[in-house]
Amino acid sequence: MTETWDDVNEQVKEDWKDDTTPFERVYEIVEQTHDGQSAAEMADRALVSEPTARRHCKSLVNTGFAETEQDGQTTLYKRNSDRVLMSRIRELREEVNRPELLDSIQEMKADIRRYEDRYDVVSPEELAQQLDADETAGWNDLTAWRTTRQNLAVAQAALAYDEASHQLAV
């Protein structure tokens, strides 16, 4: 008998449910949530009841991992973007030594200068205003430029964090 995609998806959900606790599932869903979602939406995705999702979301808010926003009467939950950013900065600090970080920063700055020169604009936003819908290479460069700019900001923050940590240790 051939399994359908629905069968496979259901099996994956069952395995996830068997291998994790309700809290772990809610945590994973919040971790993936950039835009706020209600407790009901979280419950559906995490395979838990709405009261369970709400209780775990509130715990995650209390620990600073998640944050809330209001949409009328509905509380929406999402991951705390500041905490995610700090995690990325700490992770980068631990994985990359200072000379590698400095080299990477210089490389990203050079990449950004190449985008500016290639398109004769100063930002990806300005490039977006000039591109036609069918300019695939331009849109790909725009995405890469934005990603490079984000990665540069994180790398510079990791460098500043590292410098501040060393100054405090002295």
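Start by selecting helix α2 (residues 22-31) and helix α4 (residues 50-62): they pack at an angle of about 65°, with axes 10 Å apart. α2 is therefore roughly perpendicular to α4 (angles of 65 to 115 degrees count as roughly perpendicular, under 35 as roughly parallel, over 145 as roughly antiparallel and the rest as oblique). Axes are lines fitted to C-alpha atoms, for helices over the stretch in contact, and angles run from 0 to 180 degrees between N-to-C directions. Helices (H or I, at least four residues) and strands (E, at least two) are DSSP runs, numbered from the N terminus.

The model is predicted: local features need pLDDT of at least 70, side-chain atom pairs count only at pLDDT 80 or more, and totals for chains, interfaces and linings use all residues. Residues are numbered from 1 along each chain as its sequence is written, and side-chain values use heavy atoms, without hydrogens or water.

Look along the pair. α2 passes α4 in a right-handed crossing (the near helix is turned clockwise from the far one by less than a right angle; anticlockwise is left-handed).

Next, select α6 (residues 98-119) and α8 (residues 136-169). Their axes come within 9 Å and cross at roughly 150°. α6 and α8 are therefore roughly antiparallel to each other. Here the crossing is left-handed. The contact of α6 with α8 has 14 nonpolar, four polar and nine charged residues (Ala, Val, Leu, Ile, Met, Phe, Trp, Tyr, Cys and Pro count as nonpolar, Asp, Glu, Lys and Arg as charged, and the others, Gly among them, as polar).

Now colour by domain. The chain is divided into domain 1 (11-79) and domain 2 (83-169), with bounds from an automatic or database domain assignment. Their C-alpha centres lie 31 Å apart.

Last stop: which residues line the largest pocket? Select His-34, Glu-67, Lys-78, Arg-79, Ser-81, Val-84, Leu-85, Arg-88 and Val-154. By class, the lining has three nonpolar, two polar and four charged residues. α5 gives the largest share, four residues. Both domains give residues to the lining, so the largest pocket lies between them.

Conventions
On a 1 Å grid over the protein atoms alone, a cavity is a set of points where a 1.4 Å probe fits but cannot get out, and a pocket is an open set with protein on both sides within 12 Å along at least five of seven lines; lining residues have an atom within 4 Å of a point.
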